[in-house]
Structure formats: C-alpha cells, structure tokens
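Thanks for asking me to look this one over.

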Amino acid sequence: MDYNATTPLDSEVIQAITEALQEAWGNPSSTYVAGSKAKAIINESRENVARMVGGKAEDIIFTSGGTEANNMVFHTAVEHFRRNCKAAEQGTGHGNGCSGLPHIITSNVEHDSVKLAAEHLQREGKADVTFVPVSKVTARVEVEDIVAALRPNTCLISIMLANNETGVIMPVQEICNRVRSLNKQRQQVRVLLHTDAAQALGKIRVDIHELGVDYLTIVGHKFYAPRIGALYVNSPGMKTPLYPMLFGGGQERNFRPGTENTPMIAGLGKAVFKDKLHFNSHYPGSDILPNTCNVSILGPTLQGWRVLSNCKRLLASVGAACHSDSGNRPSHILLNCGVPSEVAANALRLSVGRGTTKADVDAVVVDLRDTVKLLEEMN
C-alpha cells in the first residue's frame, strides 16, 4: 500500500518496452527501419500522453522524470522574466514591472522537486519566493491567499494538483481563473501557471483546458508506467515560454535535447492508453443510475457507430433507441451536457439488466479491446 511512492509496471507496458528494445533500437533521427520504428513509437506516445491531459501532441516534451520537468518550469519562469526585463529596459527606458528579482509563489506542502528548486533560486539570489501556507482546517492552499501574495514582479505560480501525503486536491482551477483575469489587467510580465500533477494522473480527471494551466508535470511511474516523465506546455515557444536547461542535438525541438529513450517513452505511451476512456455519465455532485454507463473511447476512428458495427458480441447503442434515425450525429443530450462534439461522436451507451452477468461484462470488455485494436490498426 505504497502506490503514491511508485507503481509496478503494467504487463502491457512491459510488453511495449520489450518490443521497443527488440524492434525499435535505432536512433529516432535515423532513416533506416529500426530508427523509423523508434520515431513512430515516440510520435504515437506523444499523441497518447497529450490525449491523457486534453492537449495536443506538440504540447508534450518528454523528460527524464517529474523532477526535471518541475525544474525546467522554474528555470523558464526566471529566464523569461529576465529576458522581458532586459527587452523592456532597452526598448522603453523603464522596467515595466521588472524592478527587483522575479517573484515565485508556491505552497508550503509541495514535493521537494518544487520546494528545493524554489529554495535554491532564493538562496542564490536569483528569485524571491513566497511559500503560501495551506489552511490548517482544509489542508488546501486558499485561493485568496495566493491572490494576496501576488506582486508586480510575480512571474510564476506553482501549486500541486494533489498532495502526495494527504491526498488533498488543490483548487488549481480556481487559482488559474483568478490569475488569468488579473493577467489581463496587468501591465507587467504575465504570471505563468504550473501544476505538478504527479499524484493526480490516473486517479482523477485531469484536463489542461479545465485547469487553465500553462504547464503541467507528468510522472510515469505514478500510473504503472516506467520512470520517465513529460511536461505539458501550452504551445511551447509560442503562447508559453520554454527555455532549455540542456543543449545538444536538437531533439524535442531543442527544448530537451538528447537522444530519445524510446523504450521508456513507449512504456509511458502504453500506460496512458487506459486514459482513452471518457465517461460521459460522471458529473461532480450528481448520482447516476447503477446500471447505466455512457462512455467514449477516444480516437479519430473510434466513433460509436463504427465500434459497435465491428464488435462481435456487444449489443448496445450510441443513444436512445427512439432517436436511432438521427444517423451518426452526436447525441444532442451529450452536447447539451457539455461533452465536446468529437467526444460525443464516440459515445457508447452501455446498460445492464437483471440477466447481465459478470461474465457478460468481461466478454464485452474483451470485445471492445479487440475492436479498438482492429480499428486503430486499420487506420
């Protein structure tokens, strides 16, 4: 019972790693078969990891782990502040809110890869840091305390999504909403927003659009993947700054150079496959019927009607039977409940009755897995 420390590798992850070691041993930058296979695996894994958090493939930068990802965010925030101040001083003759050191806000219950990175910058005289204490009543960091800590020279707010010791989920979405509205009013360099989602991924829904963050840290060994990580960055180098800490051969678009660790990336991509499921019947604060499950299997070729037409055993529908003449259009009910169109198009409505057995459910799961694999291979 120490899964917050690390998780064992899923058997399918082990298989993916083994296959990559055997068949995709080439350098991903090479053009021969083993190199091409490695590159294809990396591209597919990048898409899978992006889909897990609701981002785009180009938003994902693979790292050695969460520690490197967190340190990269802190390095970027300080460097971005410095470069903006220098440009402002040269261009306008004033600092545009850049007087003093860059200021970072975090909580007093962060993982050491955030806590010690912040303390190092403070000790070296490279940044001022405010460690906002969490409430002794809720163990959450309070939104108003974060807002009160803002200064004209604040460049970064980094708050974990879920705490590794207490399990408390932090109000990251509310913090981001407040800070983003304040950013629109600021004349200074905008405040960048980061969350370390190491403990949340695989346990609760994590969607970067809902959270509103600029950066999100992904740690593989917390959800049955190998000890590798990734950093989500909202359009790196374009909408959101990202500065490398390493310099080398240009991999990861120069943001994180070094020959890619294909087997570990393959394992990470395989582990997040399970997060291709989007439950359209789960809503905070709402109870649901115990026999009803509305789920979408995410993927460009996995529309509900297509999946059902290829299943060998599963008999189900994409929505209400009385609306079956509406063709392949997404359910208006799901759309009106806020489910995105591309997700609603993949919906399956599964409902069990008195005669449904556990063996039936197990058979359906196998049927769906085989069908999804077939459709993805056909693509």
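1. Let me start with Thr63. Leaving aside neighbours within four places in sequence, Thr63 is in contact with Glu68, Ala69, Ile228, Gly229, Ala230, Leu231 and Arg256. This residue is found in strand 1, which covers residues 60–63. Please keep in mind throughout that the model is predicted.

2. Is Thr63 buried or exposed? Thr63 counts as buried because its relative accessibility is 4%, and the cut-off for buried is under 20%. Its side chain also reaches the backbone oxygen of Gly65, at 2.9 Å.

3. Two packed helices are described by the angle between their axes and the distance between the axes. For helix 2 (residues 33–53) and helix 8 (residues 262–271), the axes come within 8 Å and cross at roughly 35°. The crossing of helix 2 and helix 8 is left-handed. On the helix 2 side the contact is made by Ala38, Ile41, Ile42, Ser45, Asn48 and Val49, and on the helix 8 side by Thr262, Ile265, Ala266, Leu268 and Gly269. By type, the residues of this contact divide into 7 nonpolar, 4 polar and no charged.

4. What does helix 8 pack against? Its buried residues pack against helix 1 (11–23), helix 2, strand 1 and strand 7 (229–233). Helix 8 is mostly covered, with 8 of its 10 residues buried. The buried residues are Thr262, Pro263, Ile265, Ala266, Gly267, Leu268, Gly269 and Ala271.

5. On to the nonpolar cores. The largest one has 48 residues, and within it Val49, Ile157, Leu201, Leu216, Ile218 and Phe223 touch the most other members. Helix 2 provides the largest share of this core, 5 residues.

6. Not counting residues up to four places away in sequence, Leu201 touches Met52, Val53, Val206, Leu216, Thr217, Ile218 and Phe223. A second, separate core has 26 residues, and Ala69, Val78, Cys85 and Cys98 are among them.

7. Two backbone angles deserve a look. Most residues other than glycine have a negative phi, and most peptide bonds are trans. Ala139 has a positive phi of about 65° although it is not a glycine, and Glu252 likewise has a positive phi, of about 55°. Ala139 is placed in the loop between strand 3 (128–132) and helix 5 (143–148), while Glu252 lies in the loop between strand 7 and helix 8.

8. How exposed are those two residues? Ala139 counts as partly exposed because its relative accessibility is 26%. Glu252 counts as buried because its relative accessibility is 6%.

9. Finally, Ile288. It lies in the loop between strand 8 (277–279) and strand 9 (292–297). Ile288 counts as partly exposed, because its relative accessibility is 44%. Apart from neighbours within four places in sequence, Ile288 is in contact with Ser281 and His282. Ile288 and Gly250 are 38 residues apart in sequence, and their C-alpha atoms are 50 Å apart in space.

Conventions. Residues numbered from 1 in each chain as written. Predicted model: local features only at pLDDT ≥ 70, side-chain atom pairs only at ≥ 80, totals over all residues. Heavy atoms only, no water. Helix = DSSP H or I, 4+ residues; strand = E, 2+ residues; numbered from the N terminus. Buried < 20%, exposed > 50% of the residue type's maximum accessible area, 1.4 Å probe, protein only. Contact = heavy atoms within 4.5 Å. Polar contact = N/O pair within 3.5 Å; in protein donor to acceptor, adjacent residues only side chain to side chain. Axes fitted to C-alpha atoms, helices over the stretch in contact; angles between N-to-C directions. Left-handed = near helix turned anticlockwise from the far one by under 90°. Nonpolar A, V, L, I, M, F, W, Y, C, P; charged D, E, K, R; others polar. Core = buried A, V, L, I, M, F, W, Y, C linked by side-chain atoms within 4.5 Å.
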